[in-house]
Amino acid sequence: MLFTINNSPFFGKDGKYVTSHHIYERLQKELDKNFALRVVPTDSADSWLVFGRGVLHLSVLIETMRREGYELQVGQPQVIVKEINGVKCEPVEQLTINLPEEYSSRIIDMVTKRKGKMTMMEGKNDRMHLEFIIPSRGIIGLNNAVLTASAGEAIMAHRFLEYQPWKGEIEKRLNGSIIVMETGTAFAYALNNLQSRGRFFISPQEEVYAGQVVGEHSKEGDLVVNVTKSKKLTNMRASGSDEKTALAPPVVFSLEDALEYIKADEYVEITPNYMRMRKILLDENERKRHNKQN
């Protein structure tokens, strides 16, 4: 996972330790006692690649740093790829899911789309016990999707099996992100008008900045919106125009959920009191230019 300094418009407002020197020293200190951790410098003086034993191991480190007063940004988790006898190989895990029978077909479809291969299916009373062999890449972000699809009833466990040849592209989150157009305060009026576009992760009166990811688009592709638009107050009133807006409650992510949720062109910004998701390139025109080049 890529660890880097916080360079968002809100940097330094919340944390005590924000410079690359602070973060590098803290990572070096962690290496003294955390033997499963490896820190590798990158081409940039402000970024490091941190290797660990899965998303949970790294999220414990991030959470500890956050509580100590550090501000940092982290990228999407990646699996460690090895070359064995000249063949590109990736880690593969054994995945076990126990869930009510009526949800099984939906979950099987979800796992097979992520290159999972079913090895066992067994019914016990009204529950199903499923076993799969699946690449570790396919498990990143799967937990949330399985719980949502099974109404929170599924029990999921996985363990490392071996390295196997690369399985090809894996389809991840298809829905795009809802991105803020300009820095300011989010208003209930604007959020209410945009509710049909997707699910939001922020509440009214929250401070946001241009390029911040504030929701999940209900369709493919990213959507840039203005959530800082307030209602123009005039002395003319139409009947019903002032009725209280009923907003759907925002989706609240835990740190681990956020790390598994973000796409390759996004960061999670972590400060002692806030956790935000953002695009690596905050400027919309820069993002368009970058997408054209690729």
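Predicted model: local features only at pLDDT ≥ 70, side-chain atom pairs only at ≥ 80, totals over all residues.

User: What does glutamate 131 touch?

Analyst: Not counting residues up to four places away in sequence, glutamate 131 touches Gln94, Leu95, Thr96, Lys117, Met118, Thr119 and Met120.

User: Is isoleucine 270 buried or exposed?

Analyst: Isoleucine 270 is buried, since its relative accessible area is 0%. Its place is in strand β16, which covers residues 266–270.

User: What is isoleucine 270 in contact with?

Analyst: Leaving aside neighbours within four places in sequence, the contacts of isoleucine 270 are Ile62, Arg66, Tyr70, Glu71, Leu72, Val74, Leu255 and Met275. As for alanine 258, 12 residues away along the chain, its C-alpha atom is 11 Å from that of isoleucine 270.

User: Change of topic: the whole chain. How many helices and strands are there?

Analyst: The chain has eight helices and 17 strands. Its C-alpha atoms fill a box of roughly 75 × 55 × 40 Å along the principal axes. Of the 294 residues, 42% are buried.

User: What share of the contacts is between residues 24 or more positions apart?

Analyst: Among contacts with a separation of 6 or more, residues 24 or more positions apart account for 70%.

User: And the surface and charges?

Analyst: The accessible surface comes to about 16,400 Å², with 51% of it belonging to carbon and sulfur atoms. There are 39 positive and 39 negative charges, and their mean positions are 2 Å apart.

User: Next, aromatics. How many aromatic pairs are there?

Analyst: The count comes to seven aromatic pairs. One of them joins tyrosine 17 and tyrosine 70; this pair is tilted, with 4.7 Å centre to centre and 35° between the planes.

User: Where do tyrosine 17 and tyrosine 70 lie?

Analyst: Tyrosine 17 lies in the loop between β1 (2–4) and α1 (20–33), and tyrosine 70 in the loop between α2 (54–67) and β4 (72–74), so the pair ties together parts that are 53 residues apart in sequence. Tyrosine 17 counts as partly exposed because its relative accessibility is 27%, whereas tyrosine 70, at 9%, counts as buried.

User: What about phenylalanine 253 and tyrosine 261?

Analyst: Phenylalanine 253 and tyrosine 261 form a tilted aromatic pair as well, at 5.0 Å centre to centre and with 50° between the planes. Both residues are buried. Together with Phe201, they form one aromatic cluster.

User: Which charged groups sit over rings?

Analyst: Among them is arginine 38, which lies over the face of phenylalanine 51 at 4.3 Å from the ring centre. Another is arginine 137, whose charged end sits over the ring of tryptophan 166, 3.9 Å from its centre.

User: Now backbone geometry. Where is phi positive in a residue other than glycine?

Analyst: Lysine 115 is one of these, with phi near 70°. Lysine 115 is in the loop between α3 (104–113) and β7 (117–124) and, at 35% relative accessibility, counts as partly exposed. Alanine 151 also has a positive phi, near 55°. Alanine 151 is in the loop between α5 (142–149) and β9 (155–165), and its 57% relative accessibility makes it exposed.

User: Last item: in which loop is leucine 247 found, and what is it in contact with?

Analyst: Leucine 247 is found in the loop between β15 (223–225) and α7 (255–261). Apart from neighbours within four places in sequence, leucine 247 is in contact with Ala188, Leu191, Asn192, Gln195 and Pro204. The C-alpha atoms of leucine 247 and asparagine 192 are separated by 6.0 Å, although the residues are 55 residues apart along the chain. Leucine 247 counts as partly exposed, with a relative accessibility of 29%.

Definitions and conventions: Residues numbered from 1 in each chain as written. Heavy atoms only, no water. Helix = DSSP H or I, 4+ residues; strand = E, 2+ residues; numbered from the N terminus. Buried < 20%, exposed > 50% of the residue type's maximum accessible area, 1.4 Å probe, protein only. Contact = heavy atoms within 4.5 Å. Areas by Shrake-Rupley, 256 points an atom, 1.4 Å probe, with all protein chains shown as cover. Lys, Arg positive; Asp, Glu negative; His and termini not counted. Charge placed at Lys NZ, Arg CZ, Asp CG, Glu CD. Phe/Tyr/Trp six-rings, centres within 6.5 Å; stacked < 30°, edge-to-face > 60°. Lys NZ or Arg CZ within 6 Å of the ring centre and 35° of its normal.
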